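Here is a short tour of a protein model, written for someone new to reading structures. Keep the 3D view open and find each residue as we come to it.

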Amino acid sequence: MSIDATDRKIIAATAGGLPMAAAPYAEVGGWLGLDEAEVIARMAAMQEAGIIRRVALAPNHYALGMVANGMSVWDVADDQALALGAKVGALDFVSHCYLRPRALPDWPYNLFAMLHGADRAEVEAKRAEVAALLGQACRGHDILYSTRILKKTGLRLTGEG
Amino acid sequence: MRRTRLPDGSLDTTDRAILNALQVGFPLTPRPFADAGEGLGVAEGDLIVRLTRLREIGAITRFGPFYDAEAMGGAFCLCAMDVPQARFEEVVTLVNALPEVAHNYERAHRLNMWFVLACEKPEGIGKAAARIERETGLKVLRFPKLHEFFIGFRVAA
């Protein structure tokens, strides 16, 4: 699916979230001069196409006590990386999971998984869980803890097609 | 965004049920709060009031559609650098000055600077990385996403 100018307007209007109103899609439509049914139909089509991953709330995991996280990285045999990566991503304590190219000789790891827990010890326990899941297919792993946020900006998006 | 745990007693059982249920999904229907509330035994108006408060106290970071950034157009790339400790602050300033640098983290590793480049077009990534290499004299390792896995992340509230 390719998105058109109207879809882009909906994206720009809702990228920051939905209004807390009984009929939020009608309200978004009101901002854009679209009727509610069209907003819902277009958002449903975008969800079907994967442009919208889901409509949901994102709990603040820090506020709920998951204050520790680490970027775990794994050197997984190429022929098993897709199947094993899918299993790692499905774990409920993994918030991001990607295959990326290695950068040899500096960097042997191809699977990246962000692990979350209540404290560092819990994150390390989750790391052991992932290591057990990967088994012999994993030749080495590491975990990188962040020590400082140096910059954080939201995703910028223009409403233009 | 709040980065610390909420004080004890901030959430009641209903708040927790709402947080657990709505992180999975929220309906695309004319009266979604009424529909979502039905399964939770929470009236439409009460659900709106509670979600508004949960957002105000920082229990929720986002509420609404989650867009796939790449599906909307644009290019992204995770990058890493091995920055000598003595030059760290100078390099932070140079790297952060590029508008293409969306976020940047210091991490405890030999590769101690990790940032994401976000550009309108794929060719922007290479240009931004080359500019950082030119300005810092340091190598920028690029780790573009080859495959993104479906995520089962759930926070138990």
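## One residue to start with

Keep in mind that this is a predicted model. Let us begin with A:A13, which counts as partly exposed because its relative accessible area is 22%, and buried would need a value under 20%. This alanine sits in helix α1 of chain A.

Which residues does A:A13 touch, once its neighbours within four places in sequence are set aside? They are A:V28, A:W31 and A:L32. Take A:V28 as an example: 15 residues separate A:A13 from A:V28 along the sequence, yet their C-alpha atoms are 7.0 Å apart in space.

## Two helices that cross

The contacts of A:A13 belong to a meeting of two helices. From α1(A) come A:K9, A:I10, A:A13 and A:T14, and they meet A:V28, A:W31 and A:L32 of α2(A). Sorted by class, this contact holds five nonpolar residues, one polar residue and one charged residue.

How do the two helices lie relative to each other? The axes of α1(A) and α2(A) come within 10 Å and cross at roughly 115°. The crossing of α1(A) past α2(A) is right-handed.

## The largest nonpolar core

Now let us look at both chains together. In soluble globular proteins, nonpolar side chains tend to be buried together. Here, the largest nonpolar core has 41 residues. Those with the most contacts inside this core are A:Y25, A:M43, A:M46, B:F26, B:L51, B:F63 and B:Y67. In chain A, the elements that give two or more residues to the core are α1 (5-14), α2 (24-32), α3 (36-48) and β1 (52-59). In chain B, they are α1 (13-22), α2 (32-40), α3 (44-56) and β1 (60-67).

Not counting residues up to four places away in sequence, B:L51 touches A:M20 and A:L57 in chain A, along with B:I18, B:L22, B:F33, B:I60 and B:F63 in chain B.

## Cysteines without a bond

A disulfide is a covalent bond between the sulfur atoms of two cysteines. How many disulfides does a search of the whole structure find? The count over all chains is zero. For B:C77, the nearest cysteine sulfur belongs to B:C79 and is 4.3 Å away. B:C77 counts as buried, because its relative accessibility is 5%.

Key: Residues are numbered from 1 along each chain as its sequence is written. Chains are lettered from A and ligands numbered from 1 in the order in which they are written. This is a predicted model: local features need pLDDT of at least 70, side-chain atom pairs count only at pLDDT 80 or more; totals for chains, interfaces and linings use all residues. Side-chain values use heavy atoms; hydrogens and water are left out. A nonpolar core is a set of buried Ala, Val, Leu, Ile, Met, Phe, Trp, Tyr and Cys residues joined through side-chain atoms within 4.5 Å. Buried means under 20% relative accessible area, exposed over 50%, partly exposed in between (1.4 Å probe, protein chains only). Helices (H or I, at least four residues) and strands (E, at least two) are DSSP runs, numbered from the N terminus. Contact means heavy atoms within 4.5 Å. Axes are lines fitted to C-alpha atoms, for helices over the stretch in contact, and angles run from 0 to 180 degrees between N-to-C directions. A crossing is left-handed if the near helix is turned anticlockwise from the far one by less than a right angle, and right-handed if clockwise. Ala, Val, Leu, Ile, Met, Phe, Trp, Tyr, Cys and Pro count as nonpolar, Asp, Glu, Lys and Arg as charged, and the others, Gly among them, as polar. A disulfide is a pair of cysteine sulfur atoms within 2.5 Å.
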